[in-house]
Amino acid sequence: MTTDVAATAPTGSGLWRILVQGRAVPLAVVIAAIAVIWYAGAVYMNAPRLTDGYERNKVEWTFGQLVDDAWSMERPILPAPHQIVAELDKSVLQRKVTSKRSLVFHAWVTLSSTLLGFAMGAVLGIVLAVGIVHVRTLDRSLLPWIIASQTIPILAIAPMIIVVLGNVGFTGLVPKAIISTYLCFFPVAIGMVKGLRSPDPLQMDLMRTYSASSAQVFWKLRWPASAPFLFASLKVAIAISLVGAIVGELPTGAQAGIGARLLVGSYYGQTIQIWAALIVAALLAGLLVAAVGLIERMVLRQMGARP
Amino acid sequence: MTQNPAPKLVEPAASGRQSVAPVIDIQGLSLTFQTADGPVYALSDVDLSVAPGDFVSFIGPSGCGKTTLMRVIADLEKPTAGEVSVNGVSPEAARLARAYGYVFQAPALYAWRTVERNVMLPLEIMGMGKDERRRRAAEYLDLVNLKGFEKKFPWQLSGGMQQRVSIARALSFEPDLLLMDEPFGALDEITRDHLNEQLLRLWERTGKTVIFVTHSIPEAVFLSSRIVVMSPRPGRIIDVIDCNLPPDRTLDARETPEFLEIAHRVRDGLRAGHSYDD
């Protein structure tokens, strides 16, 4: 039986073989499975409210009608995927990007503070790592504080950062970016400490026999050796930087941004709007990580990494 | 420590050795590492003097301190007792004057630099101009027969070629001393033979003082003008053997009676050192 399959498989049509061996078919299967579960879940979650309504209004109902209604409620517990797609179409494609009701506008607001926070976090993380690697006192004293900083839930500390910074005159973009910074300096610092220490003893001894200065050891050995570690950290950092920016928009009552959109959606029970904002956030995160990955590939190829 | 009677083939320079100021002069050197299990006596009461242009091999079993001795000379380890001078100054001063070209057991090339830029690394550190760096890299890559590989990255080269790059890198800034720590230890025997012959030609052409650590008797006898036989626990020098085979020798020299006689003496020295442990 198995030998039969093995013998006939290569003779099948080329397209089919590409589909089976490629990633398209598995991906389609997973997406289909998620859609089926989601639609079923939408019926299950939304049914109690609908049946209550039917009974209150003494309406005769069938299962078919229940399913139809469950997939087209205005404020469902769990909206059906096509409702979210329709909402995305409306708020991404149908509106001008400058409109306050365009998700592109809100995504841009969040993206700008994500990128500012990411840049500041990356610089802070690298500076801390350089300090830890070069100064023995910092090595002993700084790392516990860095780790402790991350054990505080960001939701607890975010409002305080906003309030304190608001009092000293920082509002809008900067406080949100600082919450992103607070989250994303951590993986960069940890990754870079490891990266800057990654040169092996022989490579370090070599620098010593040349009596190289510590600046030369840093720029010609530690820094290039840490590049793979830096990019791995940056991929994590940019994703949590986005999370930080969204969280930063929640306590400010911000007028714009994906976080503001989530907040408004939850005030008014607009679950479809919440889900649409979540999807945009997820797409944004994917794009940002992919962008870092692209830069990583270009830089590491320049540095002679094996293809 | 015994001093060997004059060997059969005496180089003219050898007789004049005493009159020339030594490049390396070591008196009563000891080095003890403090470990959790107590002190480890890596080197004990070592005296050695190396004349300019000598090719000196340190040979001995693992743990005899031959690498440690070389690291002391290069100021990579600090001795606990004794005097070491290199070119008449301390090892540290010699290191700061960039007197050492060190070739390690592994090539220790920087993976993100091309072959050419690896060779240029010490030149950059020493602040040499760009044209001069490029000229030197080309010159020394040619010397180790790696012309045409300038733009390759280390992973694109075989182990033997990588080690030749590291030799070119060590020679590129024209140090007084070439220190080689089992440079061919990780290579197969055919490559090793080939590189031995190339190294010998290189030494004859450059006239550099070379310190060479190995645990291969044929390698030591073939390459060296002097062989320092060492023994472990504590690391010390058992015998210093003058070894002046004809300068233009090829690998065939390993079949000659002179070669076999010296190899025999080295082997005897190593065996004598070992008997302490049995």
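Helices (H or I, at least four residues) and strands (E, at least two) are DSSP runs, numbered from the N terminus. The model is predicted: local features need pLDDT of at least 70, side-chain atom pairs count only at pLDDT 80 or more, and totals for chains, interfaces and linings use all residues. Residues are numbered from 1 along each chain as its sequence is written, and chains are lettered from A and ligands numbered from 1 in the order in which they are written.

After helix 4 of chain B comes Gly127(B), with a positive phi near 75°. Helix 4 of chain B (residues 115–125) has as its buried residues (20 or more other C-beta atoms within 10 Å of the residue's own, C-beta atoms being placed from the backbone) Val115(B), Asn118(B), Val119(B), Met120(B), Leu121(B), Pro122(B) and Leu123(B). The cover over these residues includes the following helices.

| helix 11 | chain A | 214–225 |

Contact here denotes C-beta atoms, placed from the backbone, within 7 Å. Between the chains, 16 residues of chain A and 19 residues of chain B take part. Helix 10 of chain A gives the largest share of the chain A side, six residues.

Within chain A, the axes (lines fitted to C-alpha atoms over the stretch in contact, with angles from 0 to 180 degrees between N-to-C directions) of helix 8 (residues 154–167) and helix 12 (residues 227–249) come within 9 Å and cross at roughly 60°. Ile154(A), Leu155(A) and Ala158(A) of helix 8 and Gly244(A), Val247(A) and Gly248(A) of helix 12 make the contact.

How values were computed: Two residues are in contact if their C-beta atoms, placed from the backbone, lie within 7 Å. A residue is buried if 20 or more other C-beta atoms lie within 10 Å of its own, exposed if 12 or fewer, and partly exposed in between; C-beta atoms are placed from the backbone.
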